[in-house]
Amino acid sequence: MELTVDIPVRKTLHSKLSEVDFNELEFGKYVADHMLVCDYANGEWRTPQVVPYANLSLSPTTLALHYGQTVFEGMKAFTMHDGRINIFRMDKHYDRFLKSLDRMCMAPVPKDIFTEGLIKLIQLDKGWVPTASGSALYIRPFMYASEAKFGVKVSDEYRFIIFTGPVPSLFAKPIKVKVENQYIRAAKGGTGAAKCGGNYGGAFYPTQLAKQQGYDQVLWTGGKDNQFIEESGMMNAMFVINDVLVTPPLSDSILDGVTRDSLLTLANDLGYTTEERPVSISELEKAFKEKTISAAFGAGTAAVVAPIAVININGTDYTLPAYNDNSLHNKLKEQLELIRTGRTTDIHEWNCII
Ligand code: COI
């Protein structure tokens, strides 16, 4: 891709790449050498810059710290089988970022700043993209209200940043989840469909309670009397019931997951039936009792597929069949990996090879 935006680069004098043990990656532990930074003020975006990764200096009155005007994305770059680097579904992540910004009343980041800034950043830090199967360079674009003023208002200034870091695949082991119908993650008309910080902070407390009871995550509910499944922890929830891949439909309380969309598309490609429709708690209970549910999993960028081993519904633990190579979610994950690493044709044009 030819770059049209002039993005000045200031390289680090102290690369930390040699300190990384790529055999012992941990999600969120390592950050690559550089970041993209671009400020918005007086109604315009300034020139984006690639600079050494460094701490920020913030006024205590920075609006984002008080009123939560902050949005992020999570995306990944992969090393392909021929050594080239692929940023997966960059355009779809950009579109979702814009939607989140819009919901949070924040200035839209121009597409060329986002995409060309990202490409320039990854070209510079290409040594940080891991090569082992399942691992990736996690990309974290984010933006916060940077105006220093504690009046309760929509910010007039923003800072957009992208940093990256090598990660293994998250939740490799099957997880135990608990259907949560007391606390909710998002309400109808709320911010659940936006990738804003508050959605994650608000989820910590119920998740902590579930962890104290021996579960890894909660299965969020919503709808009438909180009787319908919404998401699985920080991911979209997917089920295989009667051999059909079922997932709750997108709404203003469910994030439009890029992995969710990719897996639904791949399932259709592979000839499976998919349904985007409400899934009630009682349907799940019935499916367990009648043994028509063969799998449940979370789908998200970080984990890709997080197989669920146990679902607790109203105090009863229901166990799912063991995850194996023939599980539908494993096949989907493998197919996704084949596309992202260039081992099969990218028919949906999801790859951005740099
Ligand atoms: C993802 O699955 O990518 C998420 O959004 C979770 C993230 C907060 C690590």
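Predicted model: local features only at pLDDT ≥ 70, side-chain atom pairs only at ≥ 80, totals over all residues.
Local features need pLDDT of at least 70 and side-chain atom pairs count only at pLDDT 80 or more, while totals for chains, interfaces and linings use all residues. Residues are numbered from 1 along each chain as its sequence is written, and side-chain values use heavy atoms, with hydrogens and water left out.

Reader: Into which domains is the chain divided, and what distance separates their centres?
Author: The bounds come from an automatic or database domain assignment, which gives domain 1 (17-167) and domain 2 (175-340). Taken over C-alpha atoms, the distance between the two centres is 26 Å.

Reader: How much area do domain 1 and domain 2 bury between them?
Author: In contact, meaning heavy atoms within 4.5 Å, are 23 residues of domain 1 and 20 residues of domain 2. Buried area is the accessible area (1.4 Å probe) that two parts lose on being put together, summed over both. Of the area buried here, 58% is on carbon and sulfur atoms, and the total is about 1900 Å².

Reader: Which residues of domain 1 lose the most area to domain 2?
Author: Three residues together account for 31% of what the side of domain 1 buries. They are Phe72, Phe88 and Arg96.

Reader: Which residue forms a salt bridge with Asp256?
Author: A salt bridge is taken as a side-chain nitrogen of Lys or Arg within 4 Å of a carboxyl oxygen of Asp or Glu, and the count between domain 1 and domain 2 is two. For Asp256, the closest N and O atoms of the pair are 3.6 Å apart, and the partner is Lys92.

Reader: Which element supplies the largest share of the side of domain 1 that touches domain 2?
Author: Helices (H or I, at least four residues) and strands (E, at least two) are DSSP runs, numbered from the N terminus. At least two residues of this side come from each of β4 (70-72), β5 (75-79), β6 (85-88) and α2 (90-103). The largest share, six residues, comes from α2.
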